[in-house]
Amino acid sequence: MKRTLAFGGLVATAGLLAAGLVTPAQAAGDVASDPLASTGIQAKNIAAFWLAENAANLIAATPYNVETKVAAKHLSKGGPAADSKPGIVPAIGDEKKTAAKSKNVNLPKTTGKVFFADGFKNVGTRQHPKVVAVNPHWCTATSVQSAYHNLVATAGHCVYDTVSNKATLNYWVFIPGYYQGKTPWGVYVGKTAYTHYDYDVYEDGDRDYAFVTVYNGLKVNGGTADRSAPVNRTEVPKATWDAYAKNFPFLLAGTEGGKYYVWKFVDAGRLGDNVGGQGLAYNQKIGQPVFVFGYPSGSHPDGNHAFSGNTLKWSYGKTFPATAPAIKAEELQGVKSSFTGEGSLGSAWLLKYNNGRRLGYLNGVTIGVSDTDGNDRYDTSVSPYFDGETYGVYSAAKNNWSGSIA
């Protein structure tokens, strides 16, 4: 990360303050954490940012393409090695169950898109605000097991801003099952992001993963925040409306007949209760088959536009040791895959995936794609090797409560 360090944490920038990110990052051992939305009202403000105007900002988002193309090498020997004993964490619902196998490849409900933006501009009026996102983007992510069923895993650079000096990407939300503005299980606003200290500070590609706690999901009664539907808004005193206009502008639903309205949200419940959560596997042997689930988009280097990014796709193959020195990654794992880079960042690598229960063990996240044979077609996806240090970051995140904010 390109970050300014100070005693006790980070120096907050104006951009972070505007997004409500005012608490310095804290590091415990090899784990660093940063707030995404410190309070419930900040989280509602972020949800409204994406849902207002019939989810216009969600629909306008484009796939994130930072550091997607990497020059990866397939290693014939050597590669990552386990740093302690192999271990697994069972998926939500599989703690004491053995699921039946299926011959079909059923797509997991746990996978979705994370959205974030550089900022916003108001193209409406104070009475009837219309907020437009600046550089809205998305990555792939997945729900994973945790004590409070509130944890998301994705690539580190789908959470931490590796381009500017800001700590985290702004207005971060996870939407499982997202499709063209639809949010079937609600919008889950990120609360706190956890990553390895070496990625947080040094952008070490071998540690390019993140675990994010999210609040309970939010919905509006009409699906999206449509100003023409009175059921989606609630009347508030003018003093409250003025305070929101100053500090939480996205919550404003406008004025009408001398009355003041903000968007009305309902609680959609906990993430893991709604879509489940994958288990976690670490210190596993290289060479095992994995399913990769994600939303690839964009083109191959030769211009072939293979994927739209609109629907969840999968690929399958055995992992192999890989390296990518340009992103400071010496101990990666790779898998043969035709996924293009845009949109597939954060894709879930699931070991021992069970089609019947649509659950397995998260054993990697896509951090880049590579054309290893030089034919202008991406043929390989790469991920950090999940080891005991990955489990340490996961452990720092998995027992933290978020709760309801509706």
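This dialogue goes through selected features of a predicted model, from the whole chain down to single residues.

Reader: What does the chain hold in helices and strands?

Author: There are 6 helices and 31 strands. The chain has 406 residues, of which 57% count as buried.

Reader: How should I read the contacts along the sequence, and what share joins residues at least 24 apart?

Author: Take the contacts between residues at least 6 apart in sequence; 74% of these join residues at least 24 apart.

Reader: Now the cysteines. How many disulfides are there?

Author: A disulfide is a covalent bond between the sulfur atoms of two cysteines. Here the count comes to 1 disulfide. Cys-139 is joined to Cys-158, with an S to S distance of 2.2 Å. The two residues belong to distant parts of the chain, 19 residues apart: Cys-139 is in strand β11 (residues 137–144), while Cys-158 is in the loop between β12 (151–155) and β13 (170–176).

Reader: Is the link of Cys-139 and Cys-158 left-handed or right-handed?

Author: The link is left-handed, with -80 degrees about the S-S bond.

Reader: Are Cys-139 and Cys-158 buried or exposed?

Author: Residues under 20% relative accessible area count as buried. Cys-139 is buried because its relative accessible area is 0%. Cys-158 is likewise buried, at 0%.

Reader: How many salt bridges does the structure hold?

Author: It holds 7 salt bridges. Start with Arg-207 and Glu-389, whose closest N and O atoms are 3.3 Å apart. Arg-207 sits in the loop between α3 (197–202) and β15 (209–214) and Glu-389 in helix α6 (residues 388–398), so this pair ties together parts 182 residues apart in sequence. Arg-207 is buried, at 11% relative accessible area, whereas Glu-389 is partly exposed, at 28%.

Reader: Which residues are linked with Arg-207 in a network of salt bridges?

Author: Asp-387 and Glu-389 are linked with Arg-207 in that network.

Reader: Where in the chain do Lys-336 and Asp-379 lie?

Author: Their side chains meet in a salt bridge, 3.8 Å from N to O. Lys-336 is in strand β27 (residues 329–336) and Asp-379 in the loop between β30 (368–370) and β31 (380–384), so the pair ties together parts 43 residues apart in sequence. Lys-336 is partly exposed, at 43% relative accessible area, while Asp-379 is buried, at 13%.

Reader: And what is the N to O distance for Asp-273 and Arg-270?

Author: The side chains of this salt bridge meet at 2.7 Å. Asp-273 is partly exposed, with 45% relative accessibility. Arg-270 is also partly exposed, with 29%.

Reader: Which residues make the nonpolar surface patch?

Author: Val-105, Trp-314 and Tyr-316 make a patch of about 290 Å². Trp-314 is found in strand β25 (residues 313–318). Trp-314 counts as partly exposed because its relative accessible area is 41%.

Reader: Last, the backbone. What is the phi of Lys-352?

Author: Most residues other than glycine have a negative phi, and most peptide bonds are trans. Lys-352 is not a glycine, yet its phi is positive, about 55 degrees. Lys-352 is placed in strand β28 (residues 348–354). Lys-352 is exposed, with a relative accessible area of 55%.

Reader: Where does Arg-358 lie?

Author: Arg-358 lies in the loop between β28 and β29 (359–365). Arg-358, not a glycine either, has a positive phi of about 60 degrees. At 34% relative accessibility, Arg-358 is partly exposed.

Key: Residues numbered from 1 in each chain as written. Predicted model: local features only at pLDDT ≥ 70, side-chain atom pairs only at ≥ 80, totals over all residues. Heavy atoms only, no water. Patch = residues over 30% accessible without salt bridge, like charges linked within 9 Å, V, L, I, M, F, W, Y side chains within 5 Å. Areas by Shrake-Rupley, 256 points an atom, 1.4 Å probe, with all protein chains shown as cover. Salt bridge = Lys/Arg side-chain N within 4 Å of Asp/Glu carboxyl O. Helix = DSSP H or I, 4+ residues; strand = E, 2+ residues; numbered from the N terminus. Buried < 20%, exposed > 50% of the residue type's maximum accessible area, 1.4 Å probe, protein only. Contact = heavy atoms within 4.5 Å. Disulfide = S-S within 2.5 Å.
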